[in-house]
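Subject: Two-chain model, with notes

Hello,

Here is the structure for your files. My notes on it come after the structure itself.

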Amino acid sequence: MSLAEYRGLQAVDGPLVFVDGVRGVGYDEAVEIVGPDGRPRRGRVVLIEEDRAVVQVFAGTAALVPDGSRVRFLGRHLEMALSPSILGRTFDGLGEPRDGCGAVLGGFQSDINGRPINPMARAYPRDFIHTGLSVIDTLMTLIRGQKLPIFSSNGLPHNRLAVQIASQSRITSGDNFAVVFVGIGIRNDDAAYFIEALRDAGKGQPPVVFLNLASDPVIERLAAPRTALTAAEYLAFDLGYHVLVVMTDMTNYCEALRELAVARGEVPSRKGYPGYLYSDLASLYERAGVLRDRPGSLTQLPILTMPNDDITHPIPDLTGFITEGQIVLSREQDAQGAYPPVDIPASLSRLMKDSIGKGYTRDDHPDLAGQLFASYSRVQEIRALAGVVGEDELGATEKSYLRFGDAFERRFLSQGDQEDREIGVSLDLAWELLAILPRTELNRLPSELVRKHLPSKATK
Amino acid sequence: MNRIGRILSVNGPVVRATGLSSFAMREMVEVGELRLLGEVIRLDGNEGVLQLFEETQGLRPGEPVKGLGEPLSVTLGPGLVGAILDGIGRPLGALLEKTGAFMDRGGGLQQLEGDRNWEVFPQVRKGEIVTEGSLLATVKETPLLEHRLLLPPGMEGEILEILPQGHHDGSAVLARLRDGFGRERVLPLIQRWPVRTPRPVRQRLLPEEPLLTGQRVIDGYFPIARGGVAAIPGGFGTGKTVTQHQLAKWSDAKLVVYIGCGERGNEMTQVLEEFPALVDPATGHPLMERTILIANTSNMPVAAREASIYTGLTIAEYFRDMGYDVALMADSTSRWAEALREISGRLEEIPAEEGFPAYLPSRLAEFYERAGRVTTLGGEQGSVTLIGAVSPPGGDFTEPVTRHTKRFIRCFWALERELASARHYPAISWTASYSEYAAEVRPWFESHVDPRWGEVQTELRRILAEDEHVQQVIQLVGEDVLPDEQRLIALVASIIKTGFLQQGAFGPDSYCPPAKTFAIMELIVHFYRRAQALVAKGVPLRLVRETQEVASLYRLREIDGEKLEEFEEIRRRLESRLERIGAERLAGGRDRR
């Protein structure tokens, strides 16, 4: 296609501009708009209607003068330049360097939208990722190739947790481990914290960073995770790295999507978000995985802040339907000083069932995890009961649950943000704590495991 | 005939075009230079609207639109079983070889390969008169399934020629026949059928027999009949997909069609890796030999998601027509409804509730009505049992898809967040779920498993219902102040929940034969009645509760389904313990309580 240039914009409306009289323009084509100020802005075609193209401008339309602007349709999709030298670099949401170190050299261009993985080409994720956090390793195990989001709320230490996971993750031995970090609409100090911490992590390769700060153009947030995932796919499936992608904050992404949808006059569904929010999020999250005939893997750790701590809000809700589990952070645990303040009953890793136990972690792991979940859930019931009738009215068994619950939260759930526990240590600790309960209460555990692992009362 | 239209506008999967005056509604089209597939969904004079089953990136106004002369159809014939197809019926294995790990677009229509070789056994002779549904030939497709090639609906006549016994390509002509008007008709081995048109049957029958699922909470509490319709609603993380997988694994259907509609790619991979390794308890063959997968993962095009449901249904009906019992799992129907909503939004239709189009209920009704037990055109009996997962936003069952689905199904397995949080799986709620088939299939269980099935089941459900009240009281005042009769209810209910209703998706307990289901139910009821008698005589419940024998009731589900004699052993020990307690108590005079 010829790179035709058009002069003048028919209309400007929010993040959208309308260009009339165009020919040969394709849907989703990349666009460059140069205003009279000479500053180029990038965009993409979101609707093409006969000879009118509607362009979404990433940098926003402020100060665009319709008359003097020139529009070039680039005849290709939005692309990111890829080469091994992206490791350690910092880019903006559109994949342009923002570290002042110049363009990516010797690379090739890749469409940031990616293409869906054929389910037959996938390998089912089975490799346990050691995070060194008892609660995660034991109860919501992270698996290589998984997408496991952190559902958090404002003011909770999700950033600290994400950094700890990223830096303690022993995805594999050797240096073929890489972190891609995407900041979507986050504050400058959060971004600085992440970059600093990930650089110090000192394992594997220097992180690849994509930043769209809170002060950066809103619509560019829609491109940031796509650009980053394109880079991550390249590192994982072309270069063979085991890549961990930390994406924060997905709530900002969804809000940018809503803003664009409203500007386009689309029929809203829940809370004003567009009806395709699910499909759109899936087009990001589904880019995680492991392929059968290629080395490398792509693991996603998206972070989102639940508006008003509401887990039924469309953003966490639709995310939970796509991702393979979730780690939910609890304000209550945080207030009691627990770190990581994980809401255990609400958290889940869907892939752990096939990747723990004999040959993966330890033979007692699956049943032990089931028992911990069940016993801890009983703790909640008994605490509620104690709140009504008072602790003194409880029976001996019920009181032992209260003791178990407190010890479990204090010693098992909580640990230091530098503390790296082996899975064996975590599992032994769990057995030690379960010994607080009467043996008849451990009905999720096969008798031979109890005999083998449960410390006798004398040694308690 | 050269029917070519031109693109006017592109808006995501929705494309407007002109020059469509000779196109038919719902006709399949090839769009653009890439030859992307789509279908006509609106016609207005010379113009019309198309929905595309592939991504529309790069499509330009002016590019051609070519009519394919038939509505969206799926290819039916040997080679389907064990395959994984995309939403419009293209084999993903062939696409993988052609385009690699990442899916490509375009290239027009390509479905079941005709170049695979099959051993065909003809079942009719030259000169025979055949009518619609007549058996023409068979193909041993897998050790588990004989593929029966039937005369398609609407055809009859005299056989002029039939493929001789031997190995033939899928692209072969199966038979030639002369119809009633003296015209010669050619019948290919691989047929096509439009997915949105239900395949005709001779008669619809009432459900009678259960579809055994090997899941205790279903077979024992909320059974489904062959040809029945069920929904599994549940918020994320409550185990919809695991439950659907369990049903796909262990249902005693002849064939299972599993539609992954807008769900995770890894889940399809899991089925692909797991099923070939799992063995069908009835036949000893790998489960994959009776399974067909339809995969439209959540990042695949949305219009193909809408079509995937119909593709799966048509394949299920095709095998039903051979006289087989087919079970179809759709995970999840909510994604399908959302695909309808997305297309409807792009068409700027006036939305009804929460953005869903007003025709949502009628589409759901059409979908669920394609299930049923029938007499086929060939006179055989077959069935399609349909189990749809529903993913209500926020776990709220009052949202439109769940609400309308409830109108058209007769079996409702509600997944509860609280149960899932406590890792009580399957998290099927015993209070919110129901099965309207329970009464219809009870005679079958009573004549095939045990005459006391209905009685025992009713008693078990009564105990759980009573436990609901007891638990409310416990929440208020604690357990200690309750009389022993009520504490016994709470004890037995907890045995039912742990020892009967819970069932692991992995390991030996994953499949539970009906005889074991009954044995557990019966033993728990037996214990309840004996303990009740003791309590009535004034024996304190704690003497009963804190025994090894009662603890063993919590583990009944761990007993091997093949070794039912172990239940007798446990019953004997329980019996003697209870007798001893009773005797000691009566001899020992007043309790020290």
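The notes below go from the interface to chain A and then to chain B.

This is a predicted model: local features need pLDDT of at least 70 and side-chain atom pairs count only at pLDDT 80 or more, while totals for chains, interfaces and linings use all residues. Residues are numbered from 1 along each chain as its sequence is written, chains are lettered from A and ligands numbered from 1 in the order in which they are written, and side-chain values use heavy atoms, with hydrogens and water left out.

**Interface of chain A and chain B**

Contact here means heavy atoms within 4.5 Å. On that rule, 78 residues of chain A are in contact with 72 residues of chain B. The size of an interface is often given as the accessible area lost when the parts come together. The two chains bury about 6,300 Å² between them, and 53% of it is on carbon and sulfur atoms; buried area is the accessible area (1.4 Å probe) that two parts lose on being put together, summed over both. On the chain A side, A:Tyr27, A:Pro119 and A:Phe321 lose the most area to chain B, together 12% of what that side buries.

The rule finds five salt bridges across the interface, a salt bridge being a side-chain nitrogen of Lys or Arg within 4 Å of a carboxyl oxygen of Asp or Glu. A salt bridge links the side chains of A:Arg126 and B:Glu273, at 3.5 Å from N to O. Between chain A and chain B there are 38 residue pairs in polar contact, both residues at pLDDT 80 or more. A polar contact is a pair of N or O atoms within 3.5 Å; within protein, one must be able to donate a hydrogen and the other to accept it, and residues adjacent in sequence count only if both atoms are side-chain atoms.

The elements of chain A that give two or more residues to the side touching chain B are strands S5 (40–49) and S11 (122–123) and helices H4 (224–238), H6 (277–285), H7 (314–322) and H9 (365–389). Helices (H or I, at least four residues) and strands (E, at least two) are DSSP runs, numbered from the N terminus. H9(A) gives the most, with six residues. By class, that side of chain A has 37 nonpolar, 19 polar and 22 charged residues. Nonpolar covers Ala, Val, Leu, Ile, Met, Phe, Trp, Tyr, Cys and Pro, charged covers Asp, Glu, Lys and Arg, and the others, Gly among them, are polar.

There is also strand pairing between the chains: S5(A) and strand S1 (residues 4–11) of chain B pair in the antiparallel sense over two bridges. Two strands pair if DSSP finds at least two bridges between them. A:Glu49 stands opposite B:Ser9 in S1(B).

**Chain A**

Eight strands of chain A form an open sheet with mixed pairing, in the order S9-S16-S15-S17-S19-S14-S20-S21. S9 and S21 of chain A are the edge strands, each pairing on one side only.

Strand S16 (residues 208–213) of chain A is largely enclosed by the rest of the structure, because six of its six residues are buried; buried means under 20% relative accessible area, exposed over 50%, partly exposed in between (1.4 Å probe, protein chains only). A:Val208, A:Phe210 and A:Asn212 point one way from S16(A), while A:Val209, A:Leu211 and A:Leu213 point the other way. S16(A) runs parallel to strand S9 (residues 90–92) of chain A, joined by three bridges. In that pairing A:Phe91 stands opposite A:Phe210 and A:Asp92 opposite A:Leu211. Strand S15 (residues 177–186) of chain A pairs with S16(A) in the parallel sense over six bridges, with A:Val182 opposite A:Phe210.

A:Thr361 is in the loop between strand S21 (348–349) and H9 of chain A. Its side chain makes a polar contact of 2.8 Å with that of A:His365. Leaving aside neighbours within four places in sequence, A:Thr361 is in contact with A:Phe128, A:Ile356 and A:Ile423.

**Chain B**

Chain B has 16 helices and 26 strands, and buried residues make up 62% of its 593 residues. Its C-alpha atoms fill a box of roughly 100 × 55 × 40 Å along the principal axes.

B:Ser344 is in helix H6 of chain B and is buried, with a relative accessible area of 2%. Not counting residues up to four places away in sequence, B:Ser344 touches B:Glu349, B:Pro357 and B:Tyr359.

Regards
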